Amino acid sequence: MGLEIIEEEVSTPVLPLMSLNHVSFLCSSVSRSVKFYKEVLGFVSIKRPSSFKFHGAWLFNYGVGIHLLQCNSPDDVPKKKGVINPKDNHISFQCSDMHYLKHKLEEMGIQYVTAIVEEGGNLVDQIFFHDPDGYMVEICNCENIPILPLSSCPLKFPYNKDSFFSSVYGKCRDEVETVIMEALVTDMMDISF
């Protein structure tokens with residue numbers, strides 16, 4: 001009686017998505033929010049379709065759009081929170097100079113909180129602050145932590161509690177992670193030269 005390795009078939013089709021297009025926020029004052037996203041985060045205004053029958057603005061930078069929509073009533077906008085909570089809903093941007101960003105926020109009088117995430121000896125600095133309507137913005141140097149898929153081995157073993165199968169699966173996962181990291185390093189070397 002031999003051991004059988006079972007391969008898991010993935011039948012879910014991958015959607016033809018390409019990238020994040022935009023995020024949308026209700027605003028108590030579109031003009032105040034436009035000023036914030038331009039001056040603080042470096043977004044630029046772009047043309048918005050003239051067929052819209054409501055006030056708003058479209059902004060773009062860093063490969064993503066921000067659509068600001070004038071609320072009908074002040075009750076439509078979430079109440080601005082006094083405390084900056086990093087575990088709240090937020091939009092996040094990567095940054096190459098966290099010290100400069102802190103200095104800029106301090107110059108502009110924008111309150112922020114910081115946090116540090118550690119993973120495998122790599123540190124990620126995070127800065128959190130609110131926009132004029134209380135939406136959370138995070139700025140980080142998240143590129144310090146490599147992106148690794150959780151399911152890095154397509155093989156499934158019938159007896160995962162068995163030490164033999166656990167060791168085989170672990171080796172497979174480790175080998176796949178090594179290949180991914182080597183490819184990432186190679187790609188980074190190509191970019192830097």
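Predicted model: local features only at pLDDT ≥ 70, side-chain atom pairs only at ≥ 80, totals over all residues.
The secondary structure amounts to three helices and ten strands. In sequence order these elements give the pattern β-β-α-β-β-β-β-α-β-β-β-β-α. The chain has 193 residues, of which 28% count as buried. Its exposed surface comes to about 13600 Å², and 58% of that is supplied by carbon and sulfur atoms. Among contacts with a separation of 6 or more, 56% are between residues 24 or more positions apart.

One part of the chain to look at is an open sheet of four strands, ordered E6-E9-E8-E7, in which the pairing is mixed. Strand E6 (90-94) and strand E7 (113-119) are the edge strands, each pairing on one side only. From one strand to the next, the twist averages 25°. E7 and strand E8, which spans residues 122-130, run antiparallel and are joined by seven bridges. Within this pair, Ala115 stands opposite Gln126 of E8. Helix H2, residues 98-107, packs on the sheet and touches E7, E8 and strand E9 (136-140). The direction of H2 makes about 20° with that of E8.

H2 itself has two sides to consider. Met98, Leu101 and Leu105 are its buried residues named here. They lie on the same side of H2, because the arc they cover around the axis is only 55°. E8 and E9 are included in what covers the buried residues of the helix. On the face turned away from that buried side are the exposed residues His99, Tyr100, Glu106 and Glu107. The two ends of the helix can be described as well. At the start of H2, a side-chain oxygen of Asp97 comes to within 3.3 Å of the backbone nitrogen of His99. After H2 comes Gly109, with a positive phi near 75°.

Is Gln126 buried or exposed? Its relative accessible area is 14%, and the limit for buried is under 20%, so Gln126 counts as buried. Its side chain makes a polar contact of 2.8 Å with the side chain of Glu138. Apart from neighbours within four places in sequence, Gln126 is in contact with Met98, Val113, Thr114, Ala115, Val117, Glu138, Ile139 and Cys140. Met98 in this list is one of the buried residues of H2.

Leu123 is also found in strand E8. Leu123 has a relative accessible area of 46% and is therefore partly exposed. With neighbours within four places in sequence left aside, its contacts are Ile116, Val117, Glu118, Asn141 and Asn144. Val117 is likewise in the contact list of Gln126. The C-alpha atoms of Leu123 and Cys142 are 8.5 Å apart, although 19 residues separate the two along the chain.

A last residue lies elsewhere in the sequence. Tyr62 is in the loop between strand E4 (56-61) and strand E5 (64-70). Its phi is near 60°, which is a positive value in a residue other than glycine. Where does Tyr62 stand in relative accessibility? The value for Tyr62 is 52%, so this residue counts as exposed.

Definitions and conventions. Residues numbered from 1 in each chain as written. Heavy atoms only, no water. Pairing = 2+ DSSP bridges. Axes fitted to C-alpha atoms, helices over the stretch in contact; angles between N-to-C directions. Contact = heavy atoms within 4.5 Å. Buried < 20%, exposed > 50% of the residue type's maximum accessible area, 1.4 Å probe, protein only. Polar contact = N/O pair within 3.5 Å; in protein donor to acceptor, adjacent residues only side chain to side chain. Arc of directions from axis to C-beta. Areas by Shrake-Rupley, 256 points an atom, 1.4 Å probe, with all protein chains shown as cover.
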